[in-house]
Amino acid sequence: SSGVYAESTWRRLSYKGVVNAALETLSRTFGSEVKRKFRRSMVSEWGKNPFSLGSYSYVAADASGRDYDELARPVGARLFFAGEATNGQHPATATGAFLSGLREAQRIDERFRKGFPDHD
């Protein structure tokens, strides 16, 4: 969640509060078995991160979708970029971030197979 809803709900909860709320929701959908099978959790608190403050990419009024491609362009043979802001097909999503990581892993593998230059 983001915006006012997130501020008034999820972001006010403790780590355990977020996990318990998620388990309650899953239990309503899939039954009480969910809680019994639950093993561990991880809550990112992305919205509290001082470097992102819960931000995500968007195409500004003067911009175009091509800007995602520009952000994804490697610099030389050693600097690669991944993240939802580099995926124009799935911007502002966890899916976009994940897929961009796969894309860059493939680029790095291809570069490695060709041999990295000593310098760019």
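I began with Arg113, which is exposed at a relative accessible area of 66% (exposed is over 50%, buried under 20%, partly exposed in between, with a 1.4 Å probe and protein chains only). Salt bridges that share partners join Arg103, Glu104 and Arg107 into one network.

Before going on, I noted the ground rules: this is a predicted model, where local features need pLDDT of at least 70 and side-chain atom pairs count only at pLDDT 80 or more, while totals for chains, interfaces and linings use all residues. Residues are numbered from 1 along each chain as its sequence is written, and side-chain values use heavy atoms, with hydrogens and water left out.

Back to the pair: Arg113 and Asp109 meet in a salt bridge at 2.8 Å, N to O (a side-chain nitrogen of Lys or Arg within 4 Å of a carboxyl oxygen of Asp or Glu). Both lie in helix α5, four residues apart, about one turn of the helix. Helices here are DSSP runs (H or I, at least four residues), numbered from the N terminus.

I then checked Arg107 and Glu104, whose closest N and O atoms are 3.0 Å apart. They sit three residues apart in helix α5, so about one helical turn separates them.

Glu24 forms a salt bridge with Lys35, with closest N and O atoms 2.2 Å apart. Glu24 lies in helix α2 and Lys35 in helix α3 (residues 33–37), so the pair ties together parts that are 11 residues apart in sequence. I found Glu24 partly exposed at 36% and Lys35 partly exposed at 40%. My count came to six salt bridges.

**Largest pocket.** I put its volume at about 490 Å³. Of the 22 lining residues, the closest to its centre are Trp10, Val18, Val43, Ser44 and Glu45. (A pocket is an open set of points on a 1 Å grid over the protein atoms alone, where a 1.4 Å probe fits, with protein on both sides within 12 Å along at least five of seven lines; lining residues have an atom within 4 Å of a point.) Helix α2 (residues 15–30) gives the largest share of the lining, five residues.

Phe81 is partly exposed, at 32%.

Technical notes: Grid points are joined across faces, edges and corners, and a volume is the space filled by probe spheres set on the points. Helices (H or I, at least four residues) and strands (E, at least two) are DSSP runs, numbered from the N terminus.
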